[in-house]
Amino acid sequence: MAPLDTDKAQLDVRGPDGHPLEIPRLACGAMADLKSFPAAPEHQEALGFPGELVENWQEVAIAKMGELAQKNRAFQVYLDACVKCGACTDKCHYFLGTGDPKNMPVARQDLLRSVYRRYYTFAGKYFPWLVGARDLTREVLDEWYTYYHQCSQCRRCSVFCPYGIDTAEISMAAREIMDCVGVGQKYCNEIIGKVKAVGNNLGLNPKALGATLEGLEEDIEEETGISVRLPLDEKGADILLITPSADFFADPHIDGLIGYAKVFHEAGVSWTLSSYASEAANFGMFIGSYENMREVSLRIRQAALDLGVKRIVFGECGHAWRVAYSFLNTLAGPFDFLDQKYPVPQHILEFTWGEIQKGTLTFDKSKNDEFRLTYHDSCNVARGSRMGDMPGGQFEIPRNVLKAVCNHYFDMDRDTIMESTLCCGGGGGLLTDDLMDLRVKGSSPRMKALQQVTADHGVTHMAAICAICKSQFSKVMPKFGYEMDSILSVHQLVSNAIVLTGQNAGEDDADEAGED
């Protein structure tokens, strides 16, 4: 890696005190003109939504809002319970990065709450001016589209809200309402359509996927001298690996996939990927659509049944793990046909950490000595799921694995990690180039925290277990003085350090290679 240009990084993001959580000056309307590209009719219709704005859109939107409030009691409570205490105002990375007050969580909630009050509360119907209620107009709809696509649904604000109001749920509801009247977002809806048609976000067909996996097998054998398989559609395998399609396509994701394969190989388990369910990501959650979430999840169930597997393991993908951990059994269960001795589902880090604890895996930690590492807790893993059998496992297990394979590890500021982690700035369906300005500004709090640990401990690289985070950071890190490859997969580091049985020692001493 090239030397870090700290002067450039400080110029880009550090304020007077350089603190990641520094409150910005207000910049009213700063992001009002930034809009994500709208979905084309074919993207809408493939998901069961109107192709364009329906004539009676106000009536449909208001009815949908009432339906959601009736079906989801939490959503109604979130709309009714806010007392404007201000605890959430400075907790959103987009507000910290842009200064736009409508990116304060409470203000973003009020975009929808004000309309809800107008049509579904006594005071709002008869005395709207007293409670901030407003009619649903086209201007309001446009404002929803702008600012509900400036929320990554990271849920950091909910951690600090004394009532537990979840802005992510309100954003999801707003997006679902907009989709139902024909105003959807191109990025999310096009991707969901690809999963329905082909099985993954990238549109990779089975032949292309198979060729990719064969190429990776050749690369691993050339590197190690060991034949490590990446099986596809193998019936009777014990484990079905469901991983984000980014793992088939680009760095550092693909290096993480190689790491999974090496771990499975050394653990001596049989496993397979599925061409039918070749995607862990579920963008149905981002648009708040239960029906689309369910349809995507059912592909995983069907693949598991067709292949006759005993276990399902998920790869490194943040929101995919939240969907799997929190919703998969509801969406596509029961999974009583799987082996109940194992977690249903299981995260790849749970699997790897389990093998480390059993002593199955041998590592040469010096293989990662070129990296001085920190770890980014991905939002959906940190605040929407768990790992292992103890509270906080989603924080401890990734760090345990990193410390098992690396000699130089340092955490960022405690207020910016674990349950208080700062978002990468590109999650929640915002990882699209038409929102790049928002993505860069939204990433700046995380980048300030990274710069702090760089200054204090010489950290050069950051690891993550989310495909969106890794893609986002590879784009934005150069804007803050880091190289594109300063973001790494956790299993990329596992891959570097793992010593396979019978592996070529290469230039290193064979005794060194066996050290843990």
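Me: In which loop is the place of Pro334?

Reply: The place of Pro334 is the loop between α16 (318-332) and β4 (346-347). Helices (H or I, at least four residues) and strands (E, at least two) are DSSP runs, numbered from the N terminus. This is a predicted model, in which local features need pLDDT of at least 70, side-chain atom pairs count only at pLDDT 80 or more, and totals for chains, interfaces and linings use all residues. Residues are numbered from 1 along each chain as its sequence is written, and side-chain values use heavy atoms, with hydrogens and water left out.

Me: Which residue does a cis peptide bond join to Pro334?

Reply: Most peptide bonds are trans. Here, Gly333 and Pro334 are joined by a cis bond with omega of about 5°. Another cis bond runs from Asp251 to Pro252, with omega near 0°; Pro252 sits in the loop between β1 (239-242) and α14 (253-267).

Me: What is the phi of Arg155, and where does Arg155 lie?

Reply: Most residues other than glycine have a negative phi. Arg155, not a glycine, has a positive phi of about 75° and lies in the loop between α9 (138-147) and α10 (156-160). For Met418, also not a glycine, phi is positive and near 55°; Met418 has its place in the loop between α19 (393-405) and α20 (436-457).

Me: Is Arg155 buried or exposed?

Reply: Buried means under 20% relative accessible area, exposed over 50%, and partly exposed in between (1.4 Å probe, protein chains only). Arg155 is buried because its relative accessible area is 17%. Met418, at 12%, is buried as well. Glu218, in helix α13 (residues 206-224), counts as exposed because its relative accessibility is 56%.
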